[in-house]
Amino acid sequence: MGEVGKAMGLLISGTLVYYHCAYRNATLLSLFSDVLIVLLCSLAILGLLFRQLNVSVPVDPLEWQISQDTASNIVARLANTVGAAEAVLRVAATGHDKRLFVKVVICLYFLAALGRLISGVTVAYAGLCMFCLSMLCQNSQSPGNCVLKRANGEVLEQEVHSDT
C-alpha cells in the first residue's frame, strides 16, 4: 500500500472515530468495545463459513505471538518518550532555561484556550486531517508526479513516465 493509501485509510478511520465520539457523544472505551464486538462476530462468522466449506486456515490466530525483543522495544520506546517529556517539563519548571519556560507556558496557555473553544476530539481530528494532508503533499512531490510553477503563477502538472 502506498502513501496515498495509508493517508486515505488513516483519514477514513479518523473520520469514523470522530463521528463516533463527537456526534454520538460516546467515549473511546465505547468505540473500542464496539470494534472488538464487530471483529469477534466477523471472525466467528468466517470461522463457521470456513468450517462449512472445508477451507483450511493457513495460520492459526491463537498461535500468534510477539517476541520478547519486540515487547521490550515497545516498552523502551514508550519509556524514552515519557522520560524525554518529563525532562523537558522539569527543566522548564525549575527555570534554568527561560526560553524553554516561556515556550512551555505559551504552548500550555494556547492548548487551554483551544480546549475551552472546541472539544478535544475536534482538535485531534483536525490534527489527523493535517497529518494526512502532509502525507499526501509529500507523496505529490515524489519524482513520479511533479508540480511545476510558471513565472506568471500558473501551475502546470507534469507526469513523468518511464519507458520500462
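User: Before we start, what does contact mean here?
Analyst: Contact means heavy atoms within 4.5 Å. Keep in mind that this is a predicted model.

User: Got it. Which elements cover the buried residues of H1?
Analyst: The cover includes helix H2 (28-52) and helix H5 (120-140).

User: And which residues of H1 are the buried ones?
Analyst: They are Ala7, Gly14, Tyr18, His20 and Cys21. Looking down the axis of H1, these buried residues fall within an arc of 165°, so they line one face of the helix.

User: Nice. What's exposed on the other side of H1?
Analyst: That would be Ile12, Leu16 and Tyr23.

User: How far apart are the end C-alpha atoms of H1?
Analyst: They are 29 Å apart. H1 has 21 residues (3-23), and at 1.5 Å a residue these should span 30 Å, so the two values agree.

User: What happens just after H1?
Analyst: Asn25 takes a positive phi there, about 55°.

User: Which residues does UniProt list for "transmembrane region"?
Analyst: The unreviewed UniProt entry lists residues 28-50 and 100-128.

User: How much helix is in each of those spans?
Analyst: Residues 28-50 are 100% helix, with end C-alpha atoms 33 Å apart. Residues 100-128 are 93% helix and 0% strand, and their end C-alpha atoms lie 26 Å apart.

Notes. Residues numbered from 1 in each chain as written. Predicted model: local features only at pLDDT ≥ 70, side-chain atom pairs only at ≥ 80, totals over all residues. Heavy atoms only, no water. UniProt positions renumbered as here; feature names shortened; annotations may be inferred. Helix = DSSP H or I, 4+ residues; strand = E, 2+ residues; numbered from the N terminus. Expected span 1.5 Å × (residues − 1). Buried < 20%, exposed > 50% of the residue type's maximum accessible area, 1.4 Å probe, protein only. Arc of directions from axis to C-beta.
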